[in-house]
Amino acid sequence: MNNVGTVAGWILIALSAVAIVLNLLVIVIVARSLKREGSFNVLILNLAVFDLLLAIVGVSLRGPAMVVTNFFQRNLFVEGLCKVTALLIPGLSYAASLTVAMITVNRAAAIISPHNYRSKMTFRMSIGMVVFVWVTCIAFIGITSCLSAFSDLVDLRLMTKR
């Protein structure tokens, strides 16, 4: 049994548990004050949702896989897990980064023109920004999965020609 892989797996499980609990806490707190605080909280809520998804997909799935693989000395479900995470992690990371950029724009608008901030950055504008982030995230993941499937198909055809 590979002790380093097992320890790393348990560390990933612990980190993902902390990330999941803290992001759920942020989601609950921000959701309670969503209408009162306005557009900024919509973006923070969106960032917490993407971080939660990254913690679930990126970290919490790999930890148990590492522990199980090291315990049984076989790759039981690692290949399929790698394909799924390879598709989801870049898209979710892209969306989280895009959300951080939108938070930056929101804060810049509050600093540059504090008197016009409420009229420019409305709740509806923030919802539109969130919808844009989700659509681009889904498109990114869809395009990546199509390219991956096409690459697998090309590899399969090249293998059958030999």
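The structure is a predicted model, so local features need pLDDT of at least 70, side-chain atom pairs count only at pLDDT 80 or more, and totals for chains, interfaces and linings use all residues. Residues are numbered from 1 along each chain as its sequence is written, and side-chain values use heavy atoms, with hydrogens and water left out.

To begin with the overall fold, the protein chain has seven helices and zero strands, where helices (H or I, at least four residues) and strands (E, at least two) are DSSP runs numbered from the N terminus. Read along the sequence, that gives the pattern α-α-α-α-α-α-α. Of the 162 residues in the protein chain, 33% are buried; buried means under 20% relative accessible area, exposed means over 50%, and partly exposed is in between (1.4 Å probe, protein chains only). A contact means heavy atoms within 4.5 Å. Among contacts in the protein chain with a separation of 6 or more, 78% join residues 24 or more positions apart. The chain exposes about 10300 Å², and carbon and sulfur atoms supply 72% of that area; accessible areas come from the Shrake-Rupley method with a 1.4 Å probe, and for residues only the protein chains shown count as cover.

Next comes the inside. The largest nonpolar core has 23 residues; such a core is a set of buried Ala, Val, Leu, Ile, Met, Phe, Trp, Tyr and Cys residues joined through side-chain atoms within 4.5 Å. Helices α1 (3-32), α3 (39-60), α5 (78-112) and α7 (123-161) each give two or more residues to this core, and α3 supplies the largest share, nine residues. Leu 43, Phe 50, Leu 92, Met 102, Val 133 and Cys 137 are the residues with the most contacts inside the core. Leaving aside residues up to four places away in sequence, Leu 43 touches Thr 99, Met 102, Ile 103, Asn 106, Ser 126, Met 129 and Val 130.

Val 57 sits in helix α3 and is buried, with a relative accessible area of 11%. Not counting residues up to four places away in sequence, Val 57 touches Thr 85, Leu 88, Ile 89 and Leu 92. The C-alpha atoms of Val 57 and Ile 89 are 7.2 Å apart, although these residues are 32 residues apart along the chain.

Helix α1 is also the place of Ser 16, which is buried at a relative accessible area of 4%. Val 18 belongs to a nonpolar surface patch with Val 21, Leu 22, Leu 25 and Ile 29, and together they have about 460 Å² of accessible area.

Finally, the structure holds two aromatic pairs. One of them brings together Tyr 94 and Phe 140, whose ring centres are 5.2 Å apart and whose planes are at 15°, so the pair is stacked. Tyr 94 lies in helix α5 and Phe 140 in helix α7, so the pair ties together parts that are 46 residues apart in sequence. Tyr 94 is partly exposed at 34% relative accessibility, and Phe 140 is partly exposed at 33%.

Key:
Patch = residues over 30% accessible without salt bridge, like charges linked within 9 Å, V, L, I, M, F, W, Y side chains within 5 Å. Salt bridge = Lys/Arg side-chain N within 4 Å of Asp/Glu carboxyl O. Phe/Tyr/Trp six-rings, centres within 6.5 Å; stacked < 30°, edge-to-face > 60°.
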